[in-house]
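Happy to go through this one with you.

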Amino acid sequence: MAGTGILQLPFTLKQSGWFGLTIMLLTGVITNWTGKILVDALYLHPTDPFRMAGYPEIGEAAFGRQGYYFVQIFHKATLFGVSTIFLILSAEFLQEGIGGGDDGEGILSNVFDFESISDGAGWTTIWTVVSAVLVLVPVLVYRTLSENKVLTVLGALAVVICVLVVVIFSVRTVSDSDPLPSHKIFSPILLPSAFSAIVLSFGGAANFPTIENAMIEPKDFGKVCNRAFTVLVVMYVVCASFGYWAFGEETESPILSNLPAHNAVVELTRCLIAFSVITTYPILMNTLVGEVEKKFTVFKKTKMRMLERTSMVAATAIIAIYLPYFPQLMTLVGAGCLTMIVFVCPVVFNFRLRMLKGMKIPRGEFLWGVNVIVVGLLGGTIGVYQAVGDLISAINDN
């Protein structure tokens, strides 16, 4: 669950003010609930007593083929979009952590002449290609999520270390600041953009059907989910609070851009985050290509499967090279895809299937679900509008 979305959370407080912490907590509560009712929906087929295969099948059971394709569009766009964002972030942090940037940052910048090969923009492309090659290996080797458990643990450990580094350097920055940076309590203008990025940070809920299926004891999913979200929310609030507290209106995205330049600890942390996204990318891509391969028998052939997986990784790399705008793309994916996949669809599908089976939905739960749907639709729509405008501005500026 914990991933690179955490790096934009301090920036979401810059957009929304300290009020953003309330949004963060509520989003954690909501996505924990929607994630669990999405898994519950796997066992609510109107006529078949067995577990459905995944998210798209839930949509099909609720609304026929239209529901199936609706989920496919948003679910696959989410997986593809987040995978692309991971390559952008990996390239940025490999460049800043190892070397190749115009400002001479990187642990190897003093021993290797990066400028003799290319300028900063060229090295961004080089590191993107390197990242794509690195993630391609496990995507080709591993066929199921269960085979990636070690990568998951190592990636999560890197995120925890990153949070500790952000906290430590934030405290040091505040102790050296005179005067302290300015902060806002509430800022409504960019609230939808902040909401969209926060939703993306909790977007792992869309992958819960696959995760539940890979568990040794699926019946314990609810308990595991509650514990995971508790840890996740604490990490998110701590990182966001300390980052915004230290840098205020100067907070950047990703937050590591605010940390001291030419600092070995910061550079190593950037390398760790690059490692984290490189190890997380195969899990998302595995889910994406795995479901495609189940649908089309042609990909059961080894050569066709290898070609399909290589093509998907190459496509994310091409987009990352030509649109390397992390905060804008993160907000766009969060607003355009995650609000539907994490907020709207789980509620609509679960309620629909329960009605088809003649199950009564308590009034309180029904009203809560309707509110979740409205918030997701409203926040997502405005967030897309703001994200597209910011992306166009970024393209024009570069």
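Predicted model: local features only at pLDDT ≥ 70, side-chain atom pairs only at ≥ 80, totals over all residues.

Q: Why is Cys239 said to be in no disulfide?
A: A disulfide needs two cysteine sulfur atoms within 2.5 Å. By this rule the count is zero disulfides. For Cys239, the nearest cysteine sulfur is that of Cys162, 6.1 Å away, so Cys239 is in no disulfide.

Q: How do you know that Cys271 is in no disulfide?
A: The cut-off is again 2.5 Å. The nearest cysteine sulfur to Cys271, that of Cys162, is 12 Å away, and therefore Cys271 is in no disulfide.

Q: What makes Cys239 and Cys271 count as buried?
A: Buried means under 20% relative accessible area. Cys239 has 0% relative accessibility, so Cys239 counts as buried. Cys271 has a relative accessible area of 17%, so Cys271 is buried too.

Q: Why is helix H3 called roughly antiparallel to H11?
A: The axes of H3 (residues 55-97) and H11 (residues 326-356) come within 9 Å and cross at roughly 160 degrees. Angles over 145 degrees count as roughly antiparallel, so H3 is roughly antiparallel to H11. The crossing is left-handed, and the contact of the two helices has 27 nonpolar, six polar and one charged residues.

Q: How do you know whether His75 is buried or exposed?
A: His75 lies in helix H3. Its relative accessibility is 2%, so His75 counts as buried by the cut-off of under 20%. Not counting residues up to four places away in sequence, His75 touches Tyr55, Ala206, Glu291 and Ile341.

Key: Residues numbered from 1 in each chain as written. Heavy atoms only, no water. Buried < 20%, exposed > 50% of the residue type's maximum accessible area, 1.4 Å probe, protein only. Axes fitted to C-alpha atoms, helices over the stretch in contact; angles between N-to-C directions. Helix = DSSP H or I, 4+ residues; strand = E, 2+ residues; numbered from the N terminus. Parallel < 35°, antiparallel > 145°, perpendicular 65-115°, else oblique. Left-handed = near helix turned anticlockwise from the far one by under 90°. Nonpolar A, V, L, I, M, F, W, Y, C, P; charged D, E, K, R; others polar. Contact = heavy atoms within 4.5 Å.
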